[in-house]
Amino acid sequence: MILNYDSNYFMQKAIDEAKLGLNKGEVPVGAVIVIDNKIIARAHNLTETLCDITAHAEILAITAASNFLGSKYLHDCTLYVTLEPCPMCLGALYWSQISKIVYSAKDKKSEFNGFQPKIHPKTTIEGGVLVNQTEIMLKEFFKSKRS
């Protein structure tokens, strides 16, 4: 069996992480970091579990990838995340010098209202990968919290 290692493949792995967080009552955001078609870090939100507002999937994945590589820089790495990164996570991604960020759903509630997040000049961004799956999961999560 030949696997097609493309953005859809790795975003599905991030969605799998988001589902793990969902099962723990976390906002369903998942992330994986990839280098050379190999996943080197996986994470999902743990803000409720750890009672830590900084325990976003992206931050946890950055830490795991840095530990794996033995470097604070994530050159040649790609982050796949189910929700567009918030300003805190974008700041960490900037300093990590990650090569590429691929997100699924746009974070409509965190529009920057004039705040222009800074990304590293060598970082590229792609959005909208498997967006239908992640938007449904997020909408259902927040709907269940309101009822």
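User: Why is Gln 97 called partly exposed?

Analyst: First, a word of caution: this is a predicted model. Gln 97 has a relative accessibility of 25%. Buried would need a value under 20%, and exposed a value over 50%. Since 25% falls in between, Gln 97 counts as partly exposed. You'll find Gln 97 in the loop between helix 4 (87-96) and strand 4 (100-105).

User: What is the phi of Gln 97?

Analyst: The phi of Gln 97 is positive, about 60°, although this residue is not a glycine. Here's why that gets a mention: most residues other than glycine have a negative phi. Asp 36 also has a positive phi, near 50°, and isn't a glycine either.

User: Where does Asp 36 sit, and what makes Asp 36 count as exposed?

Analyst: Look in the loop between strand 1 (30-35) and strand 2. The relative accessible area of Asp 36 is 73%. The cut-off for exposed is over 50%, so Asp 36 is exposed.

User: How do you know whether His 44 is buried or exposed?

Analyst: His 44 has a relative accessible area of 9%, and buried means under 20%. So His 44 is buried. This residue lies in strand 2, and its contacts beyond four places in sequence include Glu 17, Leu 20, Val 29, Ala 57 and Leu 60.

User: What makes the pairing of the His 44 and Glu 17 side chains a polar contact?

Analyst: The distance is part of the test: the N or O atoms have to be within 3.5 Å, with one able to donate a hydrogen and the other to accept it. The side chains of His 44 and Glu 17 are joined at 3.0 Å, and that counts as a polar contact. The side chain of His 44 also has a polar contact of 3.0 Å with the side chain of Lys 24.

User: Why is Asn 45 called buried?

Analyst: Its relative accessibility is 8%, and the limit for buried is under 20%, so Asn 45 counts as buried. Asn 45 is in the loop between strand 2 (38-44) and helix 2 (47-50). Its side chain reaches the backbone oxygen of Val 27 at 3.4 Å. Leaving out neighbours within four places in sequence, Asn 45 is in contact with residues including Glu 26, Ala 55 and His 56.

User: What makes helix 1 roughly parallel to helix 5?

Analyst: Helix 1 (residues 7-23) and helix 5 (residues 131-146) pack at an angle of about 10°, with their axes 11 Å apart. Angles under 35 degrees count as roughly parallel, so helix 1 is roughly parallel to helix 5.

User: Which residues meet there?

Analyst: Among them are Ile 15, Ala 18 and Leu 22 in helix 1, and Met 137 and Phe 141 in helix 5. The residues of this contact divide into five nonpolar, three polar and one charged.

User: How many helices and strands does the protein chain have?

Analyst: There are five helices and five strands. Along the sequence, the pattern is α-β-β-α-α-β-α-β-β-α.

Technical notes: Residues are numbered from 1 along each chain as its sequence is written. This is a predicted model: local features need pLDDT of at least 70, side-chain atom pairs count only at pLDDT 80 or more; totals for chains, interfaces and linings use all residues. Side-chain values use heavy atoms; hydrogens and water are left out. Helices (H or I, at least four residues) and strands (E, at least two) are DSSP runs, numbered from the N terminus. Buried means under 20% relative accessible area, exposed over 50%, partly exposed in between (1.4 Å probe, protein chains only). Contact means heavy atoms within 4.5 Å. Axes are lines fitted to C-alpha atoms, for helices over the stretch in contact, and angles run from 0 to 180 degrees between N-to-C directions. Angles under 35 degrees count as roughly parallel, over 145 as roughly antiparallel, 65 to 115 as roughly perpendicular and the rest as oblique. Ala, Val, Leu, Ile, Met, Phe, Trp, Tyr, Cys and Pro count as nonpolar, Asp, Glu, Lys and Arg as charged, and the others, Gly among them, as polar.
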